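Colleague: I would like to learn how to read this model, one feature at a time. Please give me the general idea, then the case here.

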Amino acid sequence: MKTLHKYLTGQVLASLLLTVAVFAFVVLLLNVLHDVLPLLLGGHVSLWLVLKAIGLLTPFACVYALPMGFITATLLVFGRFSADQELTAARAGGVSLLSLITPILLLSLFCCGLSAWFNLDIGPRSRVAFTDLRRDLIADLVNAQIPEGRPIRDFPGYIFSVEKNHEGELENLIIFRLQNETNIDTMIRAARGRLKPERANNQLLIDLFDARVVEFGQHGNQIFSSPTLKLNLGLNAVTNRITKPKVSDMTFWQLRQELRELNLLNFSTTGTNSLAEPNGLQQLSLSPATNASPAEMASFLQEVEKTRARQIEQVRVTMHRQVAFSFACFGFTLVGIPLGIRVHRRETNIGIAIALMLVGVYYGFIMLGESLSAHPEFYPHLILWVPNFIFQAVGAVLLWRANR
């Protein structure tokens, strides 16, 4: 048994290292061609910085390469093991399949722990480090201060949410002014915006277009509308602050903190701050204030609450994806071993083709859950667990039948 266990474990480890290296190279190549190669060809960076960028992307690539490599390794090894009649010889000697694959199952659980480390911490950190390196090379102050796709809390007393930021041209902005760090007393929503940094005065001007402002106060809520609006922010408070990464690049613990902050966020109806006060929003060009009707206020608040719910669900989906994807190695192992035995082929291309097909099915559920992150009513964070349950259940049945 020791000889058989050493033989199979060695074969799987050798194939695993080779397949992980191949898949990691493919993932790296796609990222290098998209992000790094244009900078190198344009003469913006040196070869050393390109190698550094590739090194930062390697842990991120291993997040996807490790599960793909494991299912490919099990298909290849057990396909050859069955085709060479070695499995028949082991069974003739009284060795069951389950006792034969015990070390492989333990190895898959170890890879699940390793995958969790990459998914929850190392992978996001390396991706953020690469993004910071690339941003430092090609981005200016505009893109550094107002990144897109996540809530921005780098300006004290404000929260920004920008859907798109293309070289300072903003789309779909939501700006909250905070009271007591968590209570919101003013909200601004604008369809478009433009950033105009003034480096000499260390200020950041934001021109807003088609803006609507809601102010909460003790004597009721008021809504303002204006085709143009200007916001002036000082950059002294954020010069030395570290901006948070996008939600998709956060570690698990950063996501937990982000989710906690979003859940604590509430709307204040007793705040006394006003837009006209010196510490309020500066340089606002607003039309005369008009009391909003209850229907208008309810519609606006409902729209903002939907935006907050989508942000919460996006964070929740990312957290569940990181945890659920960490168990992919175990499910792939349960499916890969009996399929490799059933295929009964030595050819490498057959095993790789089956592995890619199964990986495509698994990632299909992951992509479906992420695409529905803007629709909390469908519970997309639970969809991310479906492929694990399917692969583990199907793999357990196939193993039981193969063992018989």
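Modeller: Thr318 is buried, at a relative accessible area of 7%. Buried means under 20% relative accessible area, exposed means over 50%, and partly exposed is in between (1.4 Å probe, protein chains only). The model is predicted: local features need pLDDT of at least 70, side-chain atom pairs count only at pLDDT 80 or more, and totals for chains, interfaces and linings use all residues. Residues are numbered from 1 along each chain as its sequence is written, and side-chain values use heavy atoms, with hydrogens and water left out.

Colleague: Where is Thr318 found, and which residues is Thr318 in contact with, leaving aside neighbours within four places in sequence?

Modeller: Helices (H or I, at least four residues) and strands (E, at least two) are DSSP runs, numbered from the N terminus. Thr318 is in helix α8 (residues 294–325). Contact means heavy atoms within 4.5 Å. With neighbours within four places in sequence set aside, Thr318 is in contact with Val247, Ser248 and Leu255.

Colleague: How does Asp121 count, buried or exposed?

Modeller: Asp121 counts as buried, because its relative accessibility is 15%. Asp121 sits in helix α5 (residues 102–138). Beyond neighbours within four places in sequence, Asp121 is in contact with Ala116, Thr251 and Trp253. Leu114 is also found in α5. Leu114 has a relative accessible area of 27%, so it is partly exposed.

Colleague: Now the whole protein. How many helices and strands are there, and what share of the residues is buried?

Modeller: The secondary structure comes to 12 helices and eight strands. Of the 404 residues, 47% are buried. Among contacts between residues at least 6 apart in sequence, 72% join residues at least 24 apart.

Colleague: How do I read helix packing? At what angle do the axes of α2 and α9 cross?

Modeller: Axes are lines fitted to C-alpha atoms, for helices over the stretch in contact, and angles run from 0 to 180 degrees between N-to-C directions. The axes of helix α2 (residues 47–83) and α9 cross at roughly 20° and come within 8 Å. Angles under 35 degrees count as roughly parallel, over 145 as roughly antiparallel, 65 to 115 as roughly perpendicular and the rest as oblique. α2 and α9 are therefore roughly parallel. A crossing is left-handed if the near helix is turned anticlockwise from the far one by less than a right angle, and right-handed if clockwise. The crossing of α2 and α9 is right-handed. Residues making the contact include Phe70, Thr74 and Phe78 of α2, and Phe332, Gly336 and Ile341 of α9. By class, the contact has 12 nonpolar, six polar and no charged residues. Ala, Val, Leu, Ile, Met, Phe, Trp, Tyr, Cys and Pro count as nonpolar, Asp, Glu, Lys and Arg as charged, and the others, Gly among them, as polar.

Colleague: What is the handedness of the crossing of α9 and α12?

Modeller: That crossing is left-handed. Helix α9 (residues 328–343) and helix α12 (residues 386–403) pack at about 35°, with axes 8 Å apart. Among the residues that meet are Phe330, Leu334 and Arg342 in α9, and Phe391, Leu399 and Arg401 in α12. This contact has 13 nonpolar, four polar and two charged residues.

Colleague: Take Leu334. Which residues does Leu334 touch, not counting those up to four places away in sequence?

Modeller: Leu334 touches Leu105, Gln392, Gly395, Ala396 and Leu399, with residues up to four places away not counted. Leu334 is in α9 and is buried, because its relative accessible area is 8%. Leu334 and Phe391 are 57 residues apart in sequence, and their C-alpha atoms are 7.4 Å apart.

Colleague: How do I check a helix's length? What should the 24 residues of α10 span?

Modeller: The expected span is 1.5 Å times one less than the number of residues. Helix α10 (residues 348–371) should span 34 Å, and its end C-alpha atoms are 34 Å apart, which agrees. Buried residues of α10 include Ile354, Leu358 and Tyr362. An α-helix has 3.6 residues a turn, so residues three or four places apart point the same way.

Colleague: Last, backbone angles. What is phi of Asn172?

Modeller: Phi of Asn172 is near 55°, positive in a residue other than glycine. Asn172 is in strand β3 (residues 169–179). At a relative accessible area of 34%, Asn172 is partly exposed. Tyr379 has phi near 50°, again positive in a residue other than glycine. Tyr379 lies in the loop between α10 and α11 (380–383) and counts as exposed, because its relative accessibility is 52%.
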